[in-house]
Amino acid sequence: MNLLEKTFIGLPTAPGIAIGEVFILRHDIPEFREQCILEEKRDYEITRLEESLIKTRRQLDALRTRMEDIVGDSIARIFDAQAAILDDIEFKDPICEIIRDDGLNAEFAVSKIAQKLVDTLHATEDEIFRVKAQDINDVARRIVKNLLGKSESAIGPLKRPAILVTDNLLPSDVIHLLRENVQAVASDLGGVASHTAILTRSLGVPSVVGLKDLTKLLAGEERIIVNGNSGKVILNPSQDTINKYQSKKNKYEEYLAELSDIEHLPAETKDGHRIIISANIELPSEVKSVISHGIEGIGLFRSEYLFLTRNAIPVEEDQYRDYCDVIRKVAPYTVTIRTFDLGGDKVFTDLPIPTEPNPFMGWRAIRVFSDEPKFLRAQIRAILRAAAIGPARIMFPFVSDLDEVLYLKEMVQNVIEKLEEEGKDYDGNIEIGIMIELPSAVMLADRIAKEVDFFSIGTNDLTQFVLAVDRGNEKVSSLYRPLHPAVIRMIKTTVDAGHSEGIEVALCGELAANPIATMLLVGLGVDVLSISPFASGEIKKIIRSMNYHQAVDFANEALKINTYKQLKAYCIETMKHQFADAPIWFENNNYKLQ
Ligand code: PEP
Ligand code: MG
């Protein structure tokens, strides 16, 4: 039979191209019958429920231990969040009520309450709540399976290479991803900040999420292509399409192989100007790929993910352990730990952040912690103590003015005095820096530069505030323009302010990993580009093929351009002429140009 080729467009969340056979993984709660339970049998039904909860907990503990060995503590903690659902009275009590008061069986009660909670969470349309809903679904499916006495594994071992196509990749599926035979993942649900995205990226499995109804169209064993670079997924590809993608894949792999030789060379222009390439990470487990991609330190450790993967506030000792782990592995390079940037799109239940009309401009980052200083104090303590074992520095996000800088520095000083009193080891000379991501901080950069040891420009937030464009709102995404002349001028102002006080100026927004902008950023004088480890080869290659004086001239010309369209075209044209790899880069990154 000649099946029709069909193309789907999703969100690319982990790079790479795979061509293979579909292996479907669906997460429906297994079928069961709704049954009435006689009054005298209801206690027994509750006991049956309790036993399945115990069994579920044991399974989650075992998964956690296995995952901890393989991908590290932070990802493994996802299973702690799932285990916490078992104890949550909003989950367990209504289930028992349905059994006891309505006289219905445990399987029905579990799936009914799970569905109710999931519907409520989905109604919020918040990425974090959607992740929580995934966890509830995953746990409910496991409990019902245990009640029915079905075996735990949703899929048997993949005996031959296949592409995992799923309605939703759940944390407990990570175990399947570790099997060598999983070539790629395509999933109906999930956003870029979903567990799926985080996990596949950190495990290096190409993935595309947000494909809506893909699994509904599948019977299994169809052929499929997943392009984690562009977000394209092609079902039932024709032989011509397969040939085309096979050659794309070969070219991409050759390109990567060539880049991997460059990754371990310094990012130095032909005329000897050195740029530091450091990494942005969310989880300690990503350190492995930082080292393997030849990166010189961590320029942004988004420490709030320690909250989000645990769904609880990590105590000082837990944080200390995680920071030490990262610092030890990254030494002799430096780890820049950004204090928690919660709020905006990153919320979690232990520190209930109210629903706000403008969450990105609301109770966020250091604002949360100046109201709740004990959390920030605990984090500063953990960072200062961990910095005693290797090079680390502290970075405060979302700083708007000098008053905040002085307040934060005083807090660090108070922590130092306390640690001294307690006789603890700590680094009293730790470098303190801030993110420049608010327009007010740019305007005051010359004053603030006198008080801090480094700047790191956060173009993700800076762009949204300078242009008044919500970075997460799809409706205005075409107006979200980090290469806008207004943003570029702000970068220039910040670099000049930092350099006139002799401090380092890094850039850690997504713009740092966009090759179209590399020459411009180098020419503007940015000292450090902090990027995803996977972009290291590309960015180094570009830097190594330019002259610094040429980049400075280019940036000076770019600063004279008045419109975004012209500026972008100017950058793209230069990239095309300057770099031999441009065609292959454009083919694999066209989504970065939109
Ligand atoms: C930024 O705003 O550019 C940044 C790097 O921080 P985040 O994306 O975590 O807000
Ligand atoms: Mg930011």
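Helix H20 (residues 515-524) packs against helix H23 (residues 564-578) at an angle of about 95°, and their axes lie 8 Å apart. Angles of 65 to 115 degrees count as roughly perpendicular, so that is how H20 and H23 are placed relative to each other. Do keep in mind that this model is predicted.

Which residues make the contact? H20 contributes Pro515, Ile516, Met519 and Leu520, while H23 brings in Cys571, Ile572, Thr574, Met575 and Gln578. Taken by type, the residues of this contact are seven nonpolar and two polar, with no charged ones.

## A glutamate in helix H21

Let us turn to Glu538, which is part of helix H21 (residues 536-544). Is Glu538 buried or exposed? Its relative accessibility is 10%, and because buried means under 20%, Glu538 counts as buried.

The side chain of Glu538 also has a polar partner: a contact of 2.6 Å joins it to the side chain of Tyr255.

## The nonpolar cores

The largest nonpolar core holds 97 residues. Within this core, the residues with the most contacts are Tyr323, Phe396, Phe455, Ile491 and Leu529.

Phe455 is worth a look in your viewer. Leaving aside residues up to four places away in sequence, Phe455 touches Ile434, Ile436, Ala445, Ile448, Ala449, Thr494, Gly498, Ile503, Glu504, Val505 and Ala506.

Key: Residues are numbered from 1 along each chain as its sequence is written. Chains are lettered from A and ligands numbered from 1 in the order in which they are written. This is a predicted model: local features need pLDDT of at least 70, side-chain atom pairs count only at pLDDT 80 or more; totals for chains, interfaces and linings use all residues. Side-chain values use heavy atoms; hydrogens and water are left out. Axes are lines fitted to C-alpha atoms, for helices over the stretch in contact, and angles run from 0 to 180 degrees between N-to-C directions. Helices (H or I, at least four residues) and strands (E, at least two) are DSSP runs, numbered from the N terminus. Angles under 35 degrees count as roughly parallel, over 145 as roughly antiparallel, 65 to 115 as roughly perpendicular and the rest as oblique. Contact means heavy atoms within 4.5 Å. Ala, Val, Leu, Ile, Met, Phe, Trp, Tyr, Cys and Pro count as nonpolar, Asp, Glu, Lys and Arg as charged, and the others, Gly among them, as polar. Buried means under 20% relative accessible area, exposed over 50%, partly exposed in between (1.4 Å probe, protein chains only). A polar contact is a pair of N or O atoms within 3.5 Å; within protein, one must be able to donate a hydrogen and the other to accept it, and residues adjacent in sequence count only if both atoms are side-chain atoms. A nonpolar core is a set of buried Ala, Val, Leu, Ile, Met, Phe, Trp, Tyr and Cys residues joined through side-chain atoms within 4.5 Å.
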